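Keep the sequence and the structure side by side as you read.

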Amino acid sequence: SMGGYANAMIEDAVLKKRRQLETCEENFLQSRKKIEKKYEEAYSKYQQLQQVIDEKYQVASQVLYQMGGDVTEWHYQLSRLMSDFSQQTDSVYKDRQYQLEQEEIRMEKEYKRQHRRLEEELVQALKQERHKKEE
């Protein structure tokens, strides 16, 4: 009968929507994990760079003092240089964090929009299913 076929199609539509919602949620969780990883990578790079800067500064300082004589001006310039490096590393790290925050915000908005749409479509499919069963 035509009715049985139509019912099967409607039930299929409901299942399809439920699956799409699940996929939508899974994708969102995956994307969040990816961003988390990017945050961690950025922080790790930042820490490594700061460590390198510190180490190089220590080495250069020692070399200066071993040279003997008046190294005040050299030391002053070295400190300024290292401080500039450090600030630039900070700045790059903060920019990267901001980029990732923006990416996260966009992703969340997109997810909520898509999820809401799928939920509305699921409600419609369920209504159709109920009507068919009442016929």
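At 24% relative accessibility, E103 counts as partly exposed, since buried means under 20% relative accessible area, exposed over 50%, and partly exposed in between (1.4 Å probe, protein chains only). The side chain of E103 meets that of K38 in a salt bridge, 3.1 Å from N to O; a salt bridge here is a side-chain nitrogen of Lys or Arg within 4 Å of a carboxyl oxygen of Asp or Glu. E103 lies in helix α2 and K38 in helix α1, so the pair ties together parts that are 65 residues apart in sequence. Helices (H or I, at least four residues) and strands (E, at least two) are DSSP runs, numbered from the N terminus. K38 is partly exposed too, with a relative accessible area of 29%.

A word on what you are viewing: this is a predicted model, in which local features need pLDDT of at least 70, side-chain atom pairs count only at pLDDT 80 or more, and totals for chains, interfaces and linings use all residues. Residues are numbered from 1 along each chain as its sequence is written, and side-chain values use heavy atoms, with hydrogens and water left out.

The count of salt bridges comes to 4. Another of them joins K17 and E121, with the closest N and O atoms 2.6 Å apart. This pair links distant parts of the chain, K17 in helix α1 and E121 in helix α2, 104 residues apart. K17 counts as buried at 16% relative accessibility, whereas E121 is partly exposed at 26%.

Now look at the nonpolar side chains. A nonpolar core is a set of buried Ala, Val, Leu, Ile, Met, Phe, Trp, Tyr and Cys residues joined through side-chain atoms within 4.5 Å. The largest one has 12 residues, including L21, F28, Y111 and L122. Helices α1 (2-67) and α2 (72-134) each supply at least two residues of this core. Apart from it lies another core, of 5 residues, among them I53 and M82.

Finally, turn to the rings. Rings of Phe, Tyr and Trp (its six-membered ring) pair if their centres lie within 6.5 Å; planes under 30 degrees apart count as stacked, over 60 as edge-to-face and the rest as tilted. There are 4 aromatic pairs by this rule. F28 and Y111 are stacked, 3.9 Å centre to centre with 10° between the planes. Y46 and Y93 form a stacked pair as well, at 4.4 Å and 10°.
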